[in-house]
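Please look over the structure shown below, with attention to how its charged side chains pair up. The report that follows takes these pairs one after another.

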Amino acid sequence: MKERGITELISLLSDLTGYVLSDSHPRVQSEMIVKKVREIFDVDAAIIRLIEENELVVLASDGVPSENLLPRLPADEGMGSEIIKTRSPKKIFDVFADPLTVKMLNRNKNEFRFISYAGAPLIINDRVIGIIGIYRINIKADFSDSELEQLQLVANQVAIRLENVRLYNDLRKKTDSLKKEIHQREITERELRSAKQDAEKSDNLKSEFLAMVSHEIRTPVNTIINYSTLMKNEFAQETEENDIFFNAIDNSCRRLVRTIDLIVNMSEIQIGSYKYNPKSLPLHSALIAPSLLAHQQSALKKGLSFKYENNLSGGEKTVYVDEYTFAVVIDNLLNNAVKFTEKGNITLLLENGGDFSNVIIRDTGIGIESSFLERIFDPFVQEDEGYTRRYEGTGLGLAIVKSYCDLNKINIDVQSSKGKGTEFILRIPPLLKE
């Protein structure tokens, strides 16, 4: 073999590096490498084998007919085993005179036969991953120590480049996988956006439908109420039975209107379509007083006492709330107080609470079990032995109260004892603007 200087070898190794970097597939890389190795060392054949499950498996070869090349050799026998164990290059001047190799020859009549051999380990991260071997087929030619060092230098470069190819391929696979995942996420996001748009469209249609139904029901119901009132004024006094009939019509119509209002309000809360419009308003005169008369009359009809006290400083205090939603809160709480109280009294109290204004609605009604209090603001929930189906209602009133209180930054608290009554406390911050 031709002796090469270090400068020439570096140039040839640079060419080898160029080949290695020219393609990302390990087998294609290896085929380029063994051809270049044959050229560098001027030998008849070159083979790269990698260790797989205690066997040396051919990765690439040049100068050996494929039918003469055993694809697998044991990694714990012969010269290959010595190279792996010692982690250093080895050479054989005459394989037929070497005890390590002679017993491995002639196992197959078509097996690749050679005379002189040199091999070096492929080492990555202090781990032997394979062997690169160069062969003389027809003549004996000894390999010098310098040539073995050069072969090990080539083996180091080959190992590094093969490892880089492996890492590159792993990175490319991960990148491809990441691209696929990103693409799938983009598809999923598009589907979610589309589903969200469909849901919003459905919610808008539901809201529009409920508004339309509310209008269509309100109009004839209001007509019934108006004509019922006229007829009651005309005929109710004639017999006690007539009075009962007209009261039943009036109560049923108002119950129907209230149910529609609750459903529409809950729908607006769920889809966030309500247009919140807070203003600075006097608590007593603008927000509480308008709600009193109807509920006072309802309480009197049941034989209940209705007490109202305004203990605010100066009789008035300004708060910053949405007028409609606040009115719904007061209406629902007073309606519940009258509905669930069979005897005793209803109290509506306004008082100062430091910087806050407190609205307290207290009744002597059936009360609520302590175990049920934590669920009292859940939609469609009524207590089995308290707010039961013995009483009319959808179970939406208090859920709407809580949502509207949150909307207005109002803290709501409830205290109740079974059979002794219930007290709701609204703590309203003054002039709280966003």
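Is arginine 362 buried, partly exposed or exposed? Arginine 362 is partly exposed, with a relative accessible area of 33%, where buried means under 20%, exposed over 50% and partly exposed in between (1.4 Å probe, protein chains only).

This is a predicted model, in which local features need pLDDT of at least 70 and side-chain atom pairs count only at pLDDT 80 or more, while totals for chains, interfaces and linings use all residues. Residues are numbered from 1 along each chain as its sequence is written, and side-chain values use heavy atoms, with hydrogens and water left out.

Eleven salt bridges are counted, each being a side-chain nitrogen of Lys or Arg within 4 Å of a carboxyl oxygen of Asp or Glu.

| Pair | Closest N to O |
|---|---|
| Arginine 362 and glutamate 423 | 2.5 Å |
| Aspartate 142 and lysine 91 | 3.7 Å |

Glutamate 423 is buried, at 15% relative accessible area.

Lysine 36 and glutamate 39, by contrast, are three residues apart in helix H2 (residues 26-41), and therefore about one helical turn separates them. Lysine 36 is buried at 7% relative accessibility, whereas glutamate 39 is partly exposed at 45%.

How values were computed: Helix = DSSP H or I, 4+ residues; strand = E, 2+ residues; numbered from the N terminus.
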